[in-house]
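The topics are grouped below.

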Amino acid sequence: MRFLTAGESHGPALVTIVEGLPAGLSFSSEALAGELARRRLGFGRGARMRIEQDELEVLGGIRHGRTLGSPVSVLIRNTEWARWSQEMAAEGEPAGIALTKPRPGHADLAGMQKYDTTDARNILERASARETAARTVAGYLAKCLLDSIGISIVSHVVSIGSARVDDEADPPGPGDLDRVDASSVRCFHPEAERAMVEAIEEANRAGDTLGGVVEVLAYSVPPGLGSHVHWDRRLDSLLAAALMSIPAIKAVEVGDGLASASRLGSAAHDEILTDLTRATNRAGGIEGGMSIGGTVRLRAAMKPLSTLRKGLGTVDVATGEPAQAFFERSDVCAVPAAGVVAEQMTALVLASEAQRMFGGDTVDDFMAAHAAYLRRLER
């Protein structure tokens, strides 16, 4: 299973192509629209989240609510295209002013140097986190496939700035996603939620931005996804790469991650019980590059957004003079949305590895192979 996306932040549309899905997978445009709406959630988001409607059009691969086994293609129209149709036209001359003052922390300057341009818009339009809307299409389909074998994925925010959930607090379970989404910052714990909202309000007043940490929990993952035999087959490696590909994510933890590095071995591992389950989940559900059965637990740290109202010091590449980085409409905090995207990327990796393990050209074949594997484990 693989996917590609195309399109720019202010272009006419984004397009997603997903290849490798089995035939017979149930599809709902309404459910996909709901998943896209979840990506727009969160206190601290900018005006664009209130404007964009993510209008969908299925271009191929689905008939009468079921996948055909051929590539699925979905288009997401940009609600604001009329405003940007001249600036982002495929032909003709640029209609706006070149953005020559790159923002520190963004793809602007490195991309301008790489592609030999003095206009940051050539870079930022594709580097924008708007592209994650297209990923959400692929992630939704991956979630549908995982749901057919009982795997569910939940994300929640564990910190924004210095406001954080207590380390001993219980995480959300498989049935708690609606409750998480009902939180203004997608935090499962009300006391921490209030502190996070206050932190965002304070950053907004200062013209600044905030980052934070999200946790992703994948429930009922069977043992054996991934592999120990090659570096590019290890499940933890694949998941870390997928989460790091999300804009502004700068660190990924599997299980207790960094905390384990300071522990004795006797307090760092998950002892095996007589039924072959584990007494703890310090490893995050992965050992030796493979899932061990149960819950896969990941965390991703998002840096503060690099577009600040008060701006940061930079250079005008057109003149070589010191300058203040340009400001284009942005969020104060996008950590809640990052959790939703992290769900999608986790789902894509797990679905791909589940397909590799169980195969099948149809969903029924896929489910039957999964069921047969579980029966073998019970022997």
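The lining of the second largest pocket divides into 13 nonpolar, five polar and 10 charged residues (Ala, Val, Leu, Ile, Met, Phe, Trp, Tyr, Cys and Pro count as nonpolar, Asp, Glu, Lys and Arg as charged, and the others, Gly among them, as polar). The model is predicted: local features need pLDDT of at least 70 and side-chain atom pairs pLDDT 80 or more, while totals for chains, interfaces and linings use all residues. Residues are numbered from 1 along each chain as its sequence is written, and side-chain values use heavy atoms, without hydrogens and water.

**Second largest pocket**
- The second largest pocket has a volume of about 660 Å³ (a pocket is an open set of points on a 1 Å grid over the protein atoms alone where a 1.4 Å probe fits, with protein on both sides within 12 Å along at least five of seven lines; lining residues have an atom within 4 Å of a point).
- A volume is the space filled by probe spheres set on the points, which are joined across faces, edges and corners.
- Its lining comprises 28 residues, and Asp167, Glu215, Asp256, Arg297 and Arg299 lie nearest its centre.
- At least two lining residues come from each of β7 (152–160), β9 (212–221), β10 and β13 (294–302) (strands are DSSP runs of E, at least two residues, and helices runs of H or I, at least four, numbered from the N terminus).
- β13 gives the most to this lining, with five residues.

**Largest pocket**
- The largest pocket has a volume of about 1,000 Å³.
- Of its 40 lining residues, His106, Ala127, Ser128, Ala129 and Arg130 are the closest to the centre.
- Elements that give two or more residues to this lining include α5 (121–127), α6 (132–147) and α10 (335–358).
- By class, this lining has 16 nonpolar, 10 polar and 14 charged residues.

**Helix α6**
- 15 of the 16 residues of α6 are buried, so this helix is largely enclosed by the rest of the structure (buried means under 20% relative accessible area with a 1.4 Å probe, protein chains only).

**Sheets**
- An open antiparallel sheet has five strands in the order β8-β7-β9-β13-β10 (two strands pair if DSSP finds at least two bridges between them).
- Its edge strands, β8 (163–164) and β10, each pair on one side only.
- β9 and β13 pair in the antiparallel sense over eight bridges, and Gly212 has Met302 in β13 as its bridge partner.
- Another open antiparallel sheet has four strands in the order β1-β2-β6-β3, with β1 (2–6) and β3 (55–60) as edge strands.
- β1 and β2 (13–19) pair over five bridges, and Ala6 has Val15 in β2 as its bridge partner.

Definitions and conventions
Buried means under 20% relative accessible area, exposed over 50%, partly exposed in between (1.4 Å probe, protein chains only).
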